[in-house]
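Have the structure open while you read.

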Amino acid sequence: MKAITILGSTGSIGTQTLDIVTHNPDKFRVVGLAAGSNINLLAEQIRTFKPEIVALGNEKKLAELKDTIASIPNPPEILIGQEGICEVARYGDAESVVTGIVGCAGLLPTIAAIEAGKDIALANKETLIAGAPVVLPLVKKHQVKLLPADSEHSAIFQCLQGLPPGGLRKIILTASGGSFRDLPVEKLGSVTVKDALKHPNWSMGQKITIDSATLMNKGLEVIEAHYLFDLDYDRIEIVIHPQSIIHSLIEVQDTSVLAQLGWPDMRLPLLYALSWPERIYTDWEQLDLVKAGDLTFREPDHQKYPCMQLAYAAGRAGGLMPAVLNAANEQAVALFLAEKIGFLDIPRLIETVCDRFSSQNKTNPSLDDILAADSWARQAIIDADAN
């Protein structure tokens with residue numbers, strides 16, 4: 001039985017991971033949970049999974065949480081704030097830590113887990129996008145496994161199993177096209193937050209759903225794939241695949257193309273990240289190719305999705321630029337979700353901030369450099385919007 005800790009337990013990644021635990025009680029047990037402020041759901045998770053330690057990001061909710069779980073026998077130790085989340089990440093005999101905290105907030109807890117010798121089921125893109133210059137040397141130093149838990153990179157990882165060194169030629173990331181894939185580009189100026197949150201295929205959190213609508217999620221995945229699989233940006237491509245049945249592909253040196261297929265279900269990559277190299281039987285709906293029907297592909301429209309090119313440019317610039325891109329995007333998306341800016345303002349503000357930062361970029365940044373760049377970019381987005 002594998003002991004696991006889940007960071008972001010009340011979010012989409014966390015709840016689906018706990019669903020896996022529920023259906024595999026002989027395979028996994030929960031040691032620690034960390035959540036933001038959803039007290040009722042966190043209390044329910046504590047009752048069900050009986051973790052030894054819990055962290056609550058929102059310190060103001062501590063008293064409410066304690067009251068809610070007062071009747072639970074042998075309650076867990078409860079910590080608060082960012083340091084509390086880091087302590088949960090490094091705690092106890094957990095072998096694997098699922099990093100489901102959205103955004104750059106997940107970086108420090110992931111580093112804490114790595115330094116404690118925990119394997120990482122990586123569901124937080126920002127760990128590598130912003131933190132790769134620091135994170136990858138730590139992974140090597142502490143000899144831990146960094147296993148992708150999102151659908152696209154899990155698909156690539158699965159396709160790579162058994163491939164000899166040097167066998168990989170190209171990565172092809174598939175994108176659903178998001179909420180506006182069938183909307184003409186000239187209509188994007190009038191779309192609303194409600195429109196953008198209607199993803200046609202996946203059930204995800206708000207931030208990642210907006211990233212899917214701008215296709216920034218795919219641009220960020222390009223950067224993550226570069227670091228995960230040590231492949232040049234010129235050999236990482238994006239293709240629109242509206243059905244979301246093929247989760248990504250690889251081309252090998254002899255031009256054979258390998259793909260991983262399945263219904264859109266985040267539990268599958270999460271399960272593989274937790275169980276690798278094993279394959280665990282599930283009773284989930286099996287893929288029926290006849291039911292799936294036609295699988296189609298098209299080239300992404302760069303005019304419609306400018307965020308993709310911004311991500312490629314930031315990735316190629318390297319250093320701190322991916323961290324700036326990521327933070328700028330997070331802040332711009334937050335402004336859009338708060339209905340303070342329009343949909344098309346997201347790429348405009350990001351490009352403005354990245355251009356401003358270009359002369360300050362550093363090739364070999366420290367963790368402090370990364371955190372400072374993250375903070376600078378967030379404020380720069382606010383300032384750019386104000387102007």
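This is a predicted model: local features need pLDDT of at least 70, side-chain atom pairs count only at pLDDT 80 or more; totals for chains, interfaces and linings use all residues.

Start with Glu87, which is partly exposed at a relative accessible area of 30%. Its partner in a salt bridge is Arg90, with N and O 3.0 Å apart. Arg90 is also partly exposed, at 31%. Both residues sit in helix H4 (residues 81–90), three residues apart, so about one helical turn separates them.

Helix H17 (residues 367–386) has a pair of its own: Asp374 and Arg378 are four residues apart there, about one turn of the helix. Their side chains form a salt bridge at 2.8 Å, N to O. Asp374 is buried, with 10% relative accessibility.

Asp234 and Arg316 form a salt bridge, with their closest N and O atoms 2.7 Å apart. Asp234 lies in the loop between helix H11 (216–229) and strand E9 (236–240), while Arg316 is in helix H14 (residues 306–317), 82 residues away. Asp234 is exposed at 57%, and Arg316 is partly exposed at 48%.

In total, the structure holds 23 salt bridges. Some share partners, joining Lys125, Glu152, Lys218 and Glu221 into one network.

## What about the cysteines?

How many disulfides are there? The count is zero. Take Cys354: the closest cysteine sulfur, in Cys307, is 9.8 Å from its own, too far for a bond, because a disulfide needs the sulfurs within 2.5 Å. Cys354 is buried, with a relative accessible area of 9%. Cys159 counts as buried too, at 9%.

Terms used
Residues are numbered from 1 along each chain as its sequence is written. Side-chain values use heavy atoms; hydrogens and water are left out. Buried means under 20% relative accessible area, exposed over 50%, partly exposed in between (1.4 Å probe, protein chains only). A salt bridge is a side-chain nitrogen of Lys or Arg within 4 Å of a carboxyl oxygen of Asp or Glu. Helices (H or I, at least four residues) and strands (E, at least two) are DSSP runs, numbered from the N terminus.
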